[in-house]
Amino acid sequence: MLCDECGQNQATIRISTIIGENKKEENLCPQCLKKRNAQILGGLKVGDLLSQLLGAQPQAEPKETLRCDACGQTYEEFQKSGRLGCANCYAAFGDNMKKTLKSIHGHAHHVGKVPAYLEGERLHRQQVDDLKRQMDQAVAAEDFERAAVLRDRIRDLSTREKAPDGKEGGA
Amino acid sequence: MMEIVDPMNTIAQSSRVRLARNYADVPFPTRMSRQDSEKIIERTANALEKERYTLKRMADLGKNARGVLVEEHLISPELAAKDGAAVLLNEEKTVSIMVGEEDHLRVQAMLPGLQLGGAMELADRADRQIERAERFAFDPDWGYLTACPTNTGTGMRASVMLHLAGLAMLSQTGQVIHAVSQLGLTVRGLYGEGSEASGNLYQLSNQITLGRTEEEILRLLSDTAQQVIGRERAAREMLLQQGRAQLEDKLMRSFGVFTHARLMTTKEFMTRLSHARLAADLGFVKLSPQQLSQLMVKVQPATLERDAGRPLSQMERDELRAGIIRKTLA
């Protein structure tokens with residue numbers, strides 16, 4: 001079999017590239033493989049890989065130019081460089097960003113560390129959600145006495161949240 | 001975190017954790033103005049004012065001084081190339097905070113041996129300290145927002161440097177790399193070309209940063225590192241059983257050249273250093289792991305030039321390097 005790259009030498013190595021569900025196979029001769037490796041190793045940047053990955057994906061909104069209001073970066077520029085311009089780009093590129101994150105990580109939801117100033121907020125929200133769930137269960141079980149107690153606790157928690165006690169939490 | 005803390009582990013050379021963070025109200029580095037880069041340096045230094053950190057601005061450092069920091073693994077080559085960037089170092093040099101690299105902040109902690117939990121604690125403490133004074137770009141759904149989406153979420157990249165000389169001798173590193181990559185982890189050869197690692201040093205790190213907690217990622221990495229270390233031990237055992245005399249002969253001949261050569265290139269140095277490490281681990285020679293790790297930093301090009309106080313030709317470096325090896329290991 002001849003080399004796919006130069007078409008002259010005998011191919012001795014088969015390379016399989018798998019990106020997502022797309023599989024590509026190539027047969028290369030040792031010389032072309034060496035060249036390819038040098039290219040990959042010499043110029044490999046995450047941006048290049050990412051832009052391949054991003055370019056290979058159908059965009060959610062292909063016709064409109066997506067642009068971040070805050071820093072002016074377009075989605076196209078991001079596809080080329082693999083780098084975002086500012087924190088607001090994430091929201092500006094919306095669904096495209098979500099797909100990108102999902103294709104890289106297999107998930108699109110953060111479960112790790114949270115800044116301390118948000119920790120209180122998160123715990124609070126969890127607590128309220130828990131109580132609401134318990135209240136719904138109580139109502140479903142027709143235990144209205146318990147449901148009323150839970151309702152009052154939820155109300156207490158909610159008013160405490162709105163009370164202007166100065167700090168936003170954290171240290 | 002459930003981790004066998006093993007700072008003296010000689011197969012695991014070092015453990016590193018780095019957290020990528022960005023200030024919420026400043027554009028990411030590719031879109032920063034000069035004022036922005038200065039602003040983030042000042043804000044970071046102020047946030048850490050009460051801690052004992054030393055601020056070094058790249059603009060104030062010459063090419064050589066930057067090169068030394070790179071060789072000490074305290075900054076990345078990317079940071080060294082940026083005049084508007086800076087680094088904050090703690091006294092022990094276990095924590096380095098790069099300011100103005102790909103993200104505003106790269107909080108990095110490094111410890112010897114297998115100590116991912118310890119490294120995380122150090123990085124986390126510095127992160128929390130800055131967070132007390134500052135707001136980072138954070139989204140409840142997507143976590144910490146970073147310039148490159150490969151870091152979004154925890155912003156955490158953790159790694160363990162492994163010395164896999166036994167597996168390399170049995171040509172088994174390829175298998176290990178393949179197995180590990182199935183777990184969402186990456187193995188790279190250090191300074192190496194392709195899969196062949198220079199000095200048989202391999203860096204095992206996490207790939208995924210979103211959808212898993214820091215602890216889950218660290219546990220997977222630590223467990224996998226321990227398994228790879230187990231494989232390396234088994235490989236060494238096998239080499240000893242197959243031919244102790246041949247192995248000892250090979251390593252000690254190499255050690256002879258290592259400690260008597262008059263010229264030593266970096267490439268040859270890395271190969272012979274790996275042999276010396278293995279010989280020390282197997283008890284053929286008496287050398288401490290610290291001795292060898294320090295040697296590795298001392299003979300790097302920028303560090304050699306700093307100690308010589310002038311630029312050196314390659315031949316001069318090779319000669320100096322051989323001299324330092326003799327002095328250190330004699």
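The entries below go through each in turn, and I kept in mind that the model is predicted.

**Entry 1: strand β1 of chain B.** I started with residues 12-21 of chain B, which form strand β1. Nine of the 10 residues are buried, so I put the strand down as largely enclosed by the rest of the structure. Next I looked up the pairing. Strand β8 (residues 156-163) of chain B runs antiparallel to β1(B), and seven bridges join them. For one pair in that set, I noted Ala12(B) with Leu162(B) as its bridge partner. Strand β5 (residues 105-112) of chain B is also antiparallel to β1(B), with eight bridges between them. There I picked out Leu19(B), whose bridge partner in β5(B) is Val107(B).

**Entry 2: Cys71 of chain A.** Where does Cys71(A) lie? I found it in the loop between α2 (46-55) and α3 (75-81) of chain A. Buried or exposed, I wondered about Cys71(A)? Its relative accessibility is 18%, and the cut-off for buried is under 20%, so Cys71(A) counts as buried. I then listed its contacts, skipping neighbours within four places in sequence: Gly85(A), Cys86(A) and Cys89(A), plus Arg31(B) from chain B. I also checked Pro115(A), 44 residues from Cys71(A) along the chain; their C-alpha atoms are separated by 24 Å.

**Entry 3: helix α7 of chain B.** Residues 214-260 of chain B make up helix α7, and I compared its span with that of a straight helix of 47 residues.

Note on methods. Residues are numbered from 1 along each chain as its sequence is written. Chains are lettered from A and ligands numbered from 1 in the order in which they are written. This is a predicted model: local features need pLDDT of at least 70, side-chain atom pairs count only at pLDDT 80 or more; totals for chains, interfaces and linings use all residues. Side-chain values use heavy atoms; hydrogens and water are left out. Buried means under 20% relative accessible area, exposed over 50%, partly exposed in between (1.4 Å probe, protein chains only). Helices (H or I, at least four residues) and strands (E, at least two) are DSSP runs, numbered from the N terminus. Two strands pair if DSSP finds at least two bridges between them. Contact means heavy atoms within 4.5 Å. The expected span of a helix is 1.5 Å times one less than its number of residues.
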